[in-house]
Amino acid sequence: MSTGHSSSHDHGHGHGHGHDHSFVNTPLKALTIASVVTGVIFFAELIGGLISGSLALLSDAMHMLSDAAGLIIALIAALIGSKEASSRATYGYRRVEVLAALFNAIAVTLVVIFIIVQAIRRLGSDYEIDTGMTLVVAFIGLVANAISAWVLSSQQEHSLNVKGAFLHVLADLLGSVAVIIAGLIIRFTGFTFADTIASLAIVAFVLPRALGLLWKTIEVLLERVPRDLDLHDIEAALQKLPSVMMVHDLHVWTTDGVEALATAHLVVAEHDYQILDQAQATLREFGIEHSTIQLEPEDHIQHEDFCD
């Protein structure tokens, strides 16, 4: 059996199979900064609430504490995910980041559901809102979440984990903006229903993104073919290679939601290692840098157990 990982001949060039973990450092820095900022704001609001006796400020401090917890979970997952592969974990630990993204997606979804329930409960009822304290607290949250969102935004495409943390912060950022707008409307017009409208606007923006991230993490855990790849197109491209008579047991998946992996069996008319090079080059055209390919002679097909 010949694979994309090793062979007894010299290909004359590398196949790029090494896993470069250097890119993980930047998301780690972004998550660290976001966690520190959120933690500092939490303590500031907690101390301020205790000194001023403001229950609203203490309530928002608890909200920031939940955000900090989500970011810390994402940070821990990124630290674990940056560990190198080993003989016991041959794919490394980046699947932990997917689990953290799943946790954050579920958490944001639950928060959104809570907002919907509260908005429904307020329909047709009279209630008062302390706009002064509300605006102060919302502004503090806006500054903190804007900083966190800024440092996370450029790194969210590198990791589902960071994307989950960014979604958490984005929901809070939009919440702060909506609360400020609603607070100003209520303060100058007395239209208290603006608060409920703002809540539902946040829901309309955040819920589809939370559910999208939730489904994407589930797809990764189920080892489905990444959305941006078509298995039939990949199979057709491999089938067109010289001497390739048949392609079977082709599998494409991802362990982290970012890097695609592939395995395939190629039935060939002649056992030429150039075919292996060509197959790997074809897979790289689809963005698949890590692959394992087995070359088989035509008479070997009868001994194969095909995977569905």
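Trainee: Which residues lie nearest the centre of the second largest pocket, and how many residues line this pocket?

Mentor: Rolling a probe the size of a water molecule over the atoms shows where empty space is left. In this predicted model, the second largest pocket has 21 lining residues, and Lys216, Pro226, Asp228, Gly257 and Val258 are those nearest its centre. Two elements, α5 (160-189) and α6 (193-221), each give two or more residues to that lining. The volume of the second largest pocket is about 350 Å³.

Trainee: Which element gives the most to the lining of the second largest pocket?

Mentor: That is α6, with 3 residues. Domain 1 (28-222) and domain 2 (231-296) each supply at least three residues to the lining.

Trainee: How many residues of each class does the lining of the second largest pocket have?

Mentor: The lining holds 8 charged, 8 nonpolar and 5 polar residues.

Trainee: What pattern does the chain follow along the sequence?

Mentor: Count the elements, then read their order. The chain has 8 helices and 3 strands, and their order along the sequence is α-α-α-α-α-α-α-β-β-α-β.

Trainee: Which residues does UniProt list under "transmembrane region"?

Mentor: The unreviewed UniProt entry lists residues 31-55, 61-80, 101-120, 132-153, 165-186 and 192-215 under that heading. Such a record can be set beside the coordinates. Residues 101-120 are 100% helix and 0% strand, with 29 Å between the end C-alpha atoms. For residues 165-186 the end C-alpha atoms are 31 Å apart, and this span too is 100% helix and 0% strand.

Trainee: What share of the residues in the chain is buried, and what share of the contacts joins residues 24 or more positions apart?

Mentor: Of the 308 residues in the chain, 44% are buried. Among contacts with a separation of 6 or more, 71% are between residues 24 or more positions apart.

Trainee: Where is Ser243 found?

Mentor: Ser243 sits in the loop between α7 (231-239) and β1 (244-254). Ser243 is not a glycine, yet has a positive phi of about 75°.

Trainee: Is Asp249 buried or exposed?

Mentor: Asp249 has a relative accessible area of 9%, so it is buried. Asp249 lies in strand β1. Asp249 also has a positive phi, of about 50°, although it is not a glycine.

Notes:
Residues numbered from 1 in each chain as written. Predicted model: local features only at pLDDT ≥ 70, side-chain atom pairs only at ≥ 80, totals over all residues. Heavy atoms only, no water. UniProt positions renumbered as here; feature names shortened; annotations may be inferred. Helix = DSSP H or I, 4+ residues; strand = E, 2+ residues; numbered from the N terminus. 1 Å grid on protein atoms, 1.4 Å probe; cavity = no way out; pocket = protein on both sides within 12 Å on 5 of 7 lines; lining within 4 Å. Points joined across faces, edges and corners; volume = space filled by probe spheres on them. Nonpolar A, V, L, I, M, F, W, Y, C, P; charged D, E, K, R; others polar. Domains from an automatic or database assignment. Buried < 20%, exposed > 50% of the residue type's maximum accessible area, 1.4 Å probe, protein only. Contact = heavy atoms within 4.5 Å.
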